[in-house]
Amino acid sequence: MPLLTWNNSYSVGVETIDQQHSGLFAIVNELHAAMLKGQAQSVVGPLLDKLVTYTLGHFAYEERMMQAAKYPNFAAHRANHVDLTRQVQEFMARYKRGDGALTVELLQFLSNWLSKHIKQEDKQYGPFLTRHAA
Ligand SMILES: [Fe+2]
Ligand SMILES: [Fe+2]
């Protein structure tokens, strides 16, 4: 059972961003599957790296789009990205030191954060970005 399944209720109305969100879901699901199988650090570590890289790339992309569209809530939105990035990087550092385990709670936190952020914050910029692109 995947933790996150992308469907239209997650659509922000911008195709490139919808694709990135569903890509993020796929990585979280991969991590979840690896955790359920009890995969070793040699498998989980690279997946976590992939999640961080993908997330950073996605946030940077969104931020460029919001800035280009002069989205009024840009600063608050960016602060949310910075906050999650910091939390994920802290976890990564602990995991690599060997004092943090990949747990259901962590993945649940990530899934909840992502779905809430997309549905509440990302969706708000949709109309600005589409208007700007038009
Ligand atoms: Fe997003
Ligand atoms: Fe966002």
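Guide: The discussion below takes a few features in turn. This is a predicted model, in which local features need pLDDT of at least 70 and side-chain atom pairs count only at pLDDT 80 or more, while totals for chains, interfaces and linings use all residues. Residues are numbered from 1 along each chain as its sequence is written, and chains are lettered from A and ligands numbered from 1 in the order in which they are written.

Visitor: Which residues form the largest nonpolar core?

Guide: In soluble globular proteins, nonpolar side chains tend to be buried together. A nonpolar core is a set of buried Ala, Val, Leu, Ile, Met, Phe, Trp, Tyr and Cys residues joined through C-beta atoms within 7 Å. A residue is buried if 20 or more other C-beta atoms lie within 10 Å of its own, exposed if 12 or fewer, and partly exposed in between, with C-beta atoms placed from the backbone. Here the largest such core has nine residues: L4, V12, I17, F25, V28, L31, L110, L114 and I118.

Visitor: Which helix gives the most to this core?

Guide: Helices are DSSP runs (H or I, at least four residues), numbered from the N terminus. With four residues, α1 gives the most; α1 (15-36) and α4 (104-133) each supply at least two.

Visitor: How many residues has α2, and what span does it reach?

Guide: The expected span of a helix is 1.5 Å times one less than its number of residues. α2 has 28 residues and reaches 40 Å from its first C-alpha to its last, close to the 40 Å expected. The buried residues of α2 are T55, E62 and M66.

Visitor: At what angle do the axes of α2 and α3 cross?

Guide: Axes are lines fitted to C-alpha atoms, for helices over the stretch in contact, and angles run from 0 to 180 degrees between N-to-C directions. The axes of α2 and α3 (residues 74-97) come within 11 Å and cross at roughly 170°. Angles under 35 degrees count as roughly parallel, over 145 as roughly antiparallel, 65 to 115 as roughly perpendicular and the rest as oblique. The two helices, α2 and α3, are therefore roughly antiparallel.

Visitor: Where is K70 found, and is K70 buried or exposed?

Guide: K70 is found in the loop between α2 and α3. K70 counts as exposed because 9 other C-beta atoms lie within 10 Å. Although K70 is not a glycine, its phi is positive, about 50°.

Visitor: Is G38 buried or exposed?

Guide: G38, in the loop between α1 and α2, counts as exposed because it has 8 C-beta neighbours inside 10 Å.
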